[in-house]
Amino acid sequence: MSATDLLEVCERVLARVGNEAEAEVTVTAGTESLTRFATSFIHQNVTDDARQVHLRVALDGRVAEATANQADDDSLARLVKSTVDAARLQPVDPGWPGLAPPAEPQAVDHWDEPTSHADPSERAARVGAFVAAAGGLETAGFCSTAGTHTAFANSAGQRASGRATVAMLDGIARTGAADGSARAASADVDDLDGATVGAEATRRARDADGAADIDPGRYEVVLSPSCVVNVLTFLALYGFNGRAVEEGRSFARLGEPQFDPVITIADDVTHPEAIGIGFDAEGTPKGRVELVRGGVTTGLVHDRRTAKANGATSTGNAVAGAGAFGALPANLVLEPGTTGADALVDGVERGLLVTDFWYTRILDPRTMVVTGLTRNGVWLVEGGRISRPVTNMRFTQSYLEALAPGAVSGVGSDLTLVSGTTFDFGAYVVPSLHLASWNFTGGAQG
Amino acid sequence: MFEYAEAAVEAALAAGARYADARVMDRRHESMSARNGEVEGLTQEASTGLGVRALIGSGWGFFSTADLTTDAARAAGAQASAIARASASVPGADLELTPVEARQDSWANAVDEDPLSVPLSEKGDLLVSATRTMREAGADVANASYNIWETTKWLVSSEGHRIDQHIVECGAAMDATANGEAETQRRSYPGIRGQFGTRGWELVRELDLPGNAPRIGEEARALLSAPECPSRDATDLIIGSEQMALQIHESVGHAVELDRILGWEAAFAGTSWLDLTQLGSLRFGSDLMNVTADATLPGALGSFGYDDEGTPAHPVDIVRDGIWVGVLSGRDSAALAGLAESGGAVRGDGYNRLPMVRMTNVGLLPGASSLDEMIAATDDGLLVDTNRSWSIDDKRLNFQFGCEIGWEIKGGKRGRMVRNPTYTGIGPRFWASLDMLGNESEWTFWGTPNCGKGQPGQIGHTGHPSVPCRFHGVRIGVRG
């Protein structure tokens, strides 16, 4: 379905609601495909021809929303009637912020036409190249392509449409004793080179082979971009989220130097490496939202509800389905430094180089203490040189303290798009980081 | 709806599949949430569509569509086979399927009170009342919500299955958060994920959210001034049944998923520390440990009549007297592992997701002790309950879990409340230290409505029969 077709569905829904209520409609349609491999063969291979119509109405502040996946007239009529009927039975919602006013969305178009209709053989070819590059090591992972059109209309006059593609290749090579990972993401499937990604995963697996335990404790760390995305995701979910601030759960204090001066973070869908569309789930245009500048917390992200509660304006960070969780940044960018990732390792006196984090969960949102494990390759670095691989470790670490003033020893220049690695949320563009201290609280054997 | 599934299967076979099955699914979901005495959200979702699965050589092809017409179904079947053919370009050994009787049947779970027919106003009043009470009792932020799912599905396979099922699930949750100077404390009821089952609104009435709201609000506030959980390398730890459900889910349920053991989830969810060559002989835990996966338990969230491959629900022994004896499996994984039959544990999250191995009701069989008897038998230990954080490695071996609340146990009596309790361990060592097991009066069928697995991501509904347990020599109080 084209953007025009989707907007036409939006208009049909709004016409059915009429003047009875405030209403907003989002229609999405597209194809999402994922080719999955394990033990070096493709074992699962799926395509979803997806479509969704989402309606939210407010009758004098009585709010209800509903989603359907059928777009024929009868289905749309049912959707409108059931949603309006449900809203009538609701109490008035004092937090209802009203609809987004008309405003031009960001002119972004992270779209590649061939990627939007890539066929299974294109994904299989990249998987085949990854497997071949492993030189006989067992491999596992996935290659995905997706192209989605989104249209939005509300009864306040806002109209917006956008489209986005995303392609990912993510996999591991396994020696039997160690795994190594590598990944690539882009709006253009042609940017995914199966042989290159497979070779990188294989190098890491071989380099991680023969790992031995190391005593838990505090170590310097060099975190790869996927680990850095993990850190930023927690800061976003529990800190920069306007809802968390409203409820007193957030660490964020505007104007205070809460981070090392080398840290600058923004949410920016206009970044050339970004993925996504130029407006949020409420039709509000996305902009560049600066959250940290030179270590000082300078901004928060808001949807319309959290903006109203905080006396702010929406930053275009409403996320479909987030509900009571609040506003979330989908396109964080951590400003890079000038040091190559390898050179970051050169600066480590005695520490660990970490490829991936795994199963990270928050213990307390205010202190941002998170526990999790390492995965897919950890190496001891001594005197600026990688000395040996070590087994996976458990950590229990405040992510806020890890980035606190004086705690960041280096920021890499290796700006990398990482998508879908933590809670399958967002596509963040980040470099590697060298941090002064990370609290490893247990070894692989407890 | 069977006709669309049949058309899809026929088209998949015509396009070269040696086996195909198709599911038409119609699902309604309703959710309402309230915060601080105000209803904040009401969401209703409806989805209908068809997913068809085709097997060629070593790989599945799956295609789903929301268009329910005969032409669209046939096109979906052909697409599934085309995708499976692409899979064969990076081949493994041919996948086989364990045999299962091709039944034609209908199944529905028992529901006393249709949850979608309960007036929205009544449901809203319940959430408003509970959150208002928690605020009055000391919470800075009080949330409550319910979820209802009504699913009808029609399965057809190329072997002759023709099964329809109607499954109603519902449940509710509430939590209270208190903010201190440096940290937040949270209490949830009945658990961090609420309580859910294959039941009607009667389940929510039994939970009595308003009746428990004062205690939850008070405990959240009291935790802010409670002493920190002590740090010890080894202590006697009593774990309440809600946290035990999480313990079972993470360190037993996922570990015995056969797709993980076979390496099919290696790059994402991970593998398992279990080795199939040790099935039937490996000691998983102490003699007290008996775990089953039983999709026939009435009212439990992981119950159904047939899994999404048409295998009838049946109990599967997972751990018997501490010995690992079974796995969670489907027809393809069971065949590859050399098992005689599928464990009937394959389900998909909606019409547009490929069915995969999921937990059913994986839980402990009860033992002989009451919680009071465990406390009385403990001279110096800790009692914890209600999950707050959870993390476990990709082999399901090394875990660290946090709970919302704990109490010191001194001289066989429950003592001071402590905050931020955590404990950590290695699966088989931890389970080997199980020395007291809750009795049948404590047996609760906890429901987990948010188990994530697979790529693209799928949310599974799983059940976990659980009792309080005591473990010996556990490390507690890990801090950041």
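Author: Happy to. Two strands count as paired if DSSP finds at least two bridges between them. Strands (E, at least two residues) and helices (H or I, at least four) are DSSP runs, numbered from the N terminus. This is a predicted model, in which local features need pLDDT of at least 70, side-chain atom pairs count only at pLDDT 80 or more, and totals for chains, interfaces and linings use all residues. Residues are numbered from 1 along each chain as its sequence is written, while chains are lettered from A and ligands numbered from 1 in the order in which they are written.

Let us look at strand S9 of chain B, residues 232–239. S9(B) pairs with strand S23 (residues 469–476) of chain B in the antiparallel sense, over five bridges. Within that pairing, B:Thr235 has B:Val474 as its bridge partner. S9(B) also pairs with strand S16 (residues 380–392) of chain B, here in the parallel sense and over four bridges. In S16(B), B:Val384 is the bridge partner of B:Ile239.

Now for the chain around this strand. Chain B has ten helices and 23 strands. Its radius of gyration, taken over C-alpha atoms, is 23 Å, close to the 23 Å from the globule rule (2.2 Å times the number of residues to the power 0.38) for 480 residues, so chain B is as compact as a globular protein of that length. Along the principal axes, the C-alpha atoms of chain B fill a box of roughly 70 × 55 × 35 Å. Two residues are in contact if their C-beta atoms, placed from the backbone, lie within 7 Å. Among contacts in chain B between residues at least 6 apart in sequence, 77% join residues at least 24 apart.

Helix H2 (residues 70–87) of chain B is mostly covered, with 14 of its 18 residues buried.

Finally, the neighbouring chain. The contact takes 68 residues from chain B and 76 residues from chain A. On the chain B side, strand S2 (residues 38–56) of chain B gives the largest share, twelve residues. Strand pairing crosses between the chains too: strand S2 (residues 41–59) of chain A and strand S3 (residues 59–65) of chain B pair in the parallel sense over four bridges, and A:Asp49 stands opposite B:Thr65 in S3(B).

Note on methods: The expected span of a helix is 1.5 Å times one less than its number of residues. A residue is buried if 20 or more other C-beta atoms lie within 10 Å of its own, exposed if 12 or fewer, and partly exposed in between; C-beta atoms are placed from the backbone.
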